[in-house]
Amino acid sequence: MGSLTDALRRREAAVREEAEEIRRGTPELRERLSRVEERLSRLEIAREEVAEILDETGADHAVAEGGGGAGPAAEAAPASSPFGAGSPIEVLTVPP
């Protein structure tokens, strides 16, 4: 029976070590989660602000042109680019 008891002790020690490893990792995971959530929050705020600015700009542009309420994406003409027609870069001018 000594070998059975020894085997159980070894398993217990291994599980205890694994539990301790998980406990040590918990604060690190919380810190990482906090950083990721902060970054997500900043990106959400940035997206909301950009959408608000574009909506305001589109409304101002439509009023200045005497047009309807179509947003800037519908009315903006592609800017000429030194990179050719296939350039992924677009420019949207914002009135002062």
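I began with E56, which is found in helix α1, residues 2-65. I took helices (H or I, at least four residues) and strands (E, at least two) as DSSP runs numbered from the N terminus. The model is a predicted one, in which local features need pLDDT of at least 70 and side-chain atom pairs count only at pLDDT 80 or more, while totals for chains, interfaces and linings use all residues. Residues are numbered from 1 along each chain as its sequence is written, and side-chain values use heavy atoms, with hydrogens and water left out.

**Overall content.** I counted 2 helices and 0 strands in the protein chain. Buried residues make up 6% of its 96 residues; buried means under 20% relative accessible area, exposed over 50%, and partly exposed in between (1.4 Å probe, protein chains only). The chain exposes about 8,700 Å², of which carbon and sulfur atoms supply 57%. These areas come from the Shrake-Rupley method with a 1.4 Å probe, and for residues only the protein chains shown count as cover.

**Salt bridges.** I searched the whole structure and found 3 salt bridges, each defined as a side-chain nitrogen of Lys or Arg within 4 Å of a carboxyl oxygen of Asp or Glu.
- E12 pairs with R16, with the closest N and O atoms 2.4 Å apart; both lie in helix α1, 4 residues apart, about one turn. E12 is partly exposed at 44%, and R16 is exposed at 52%.
- R23 meets E20 at 3.4 Å, N to O. They are 3 residues apart in helix α1 and therefore separated by about one helical turn. R23 is exposed at 54%, whereas E20 is partly exposed at 35%.
- E31 pairs with R35 at 3.0 Å between the closest N and O atoms, and these two also sit 4 residues apart in helix α1.

**Surface patches.** I noted a negative patch formed by E44, E48, E49, E52, D55 and E56. Patch members have over 30% relative accessible area and no salt bridge; like charges are joined within 9 Å, and nonpolar side chains (Val, Leu, Ile, Met, Phe, Trp, Tyr) within 5 Å. A nonpolar patch is formed by V50, L54, L92 and V94, with about 310 Å² of accessible area together. V94 lies in the segment after α2 (72-75) and is exposed at 52%.

**A buried threonine.** I checked T57, found in helix α1. T57 is buried, with a relative accessible area of 9%. A polar atom of its side chain lies 2.8 Å from the backbone oxygen of I53.

Technical notes. Lys and Arg count as positive and Asp and Glu as negative; His and the chain ends are not counted. The place of a charge is taken as NZ of Lys, CZ of Arg, CG of Asp or CD of Glu. A polar contact is a pair of N or O atoms within 3.5 Å; within protein, one must be able to donate a hydrogen and the other to accept it, and residues adjacent in sequence count only if both atoms are side-chain atoms.
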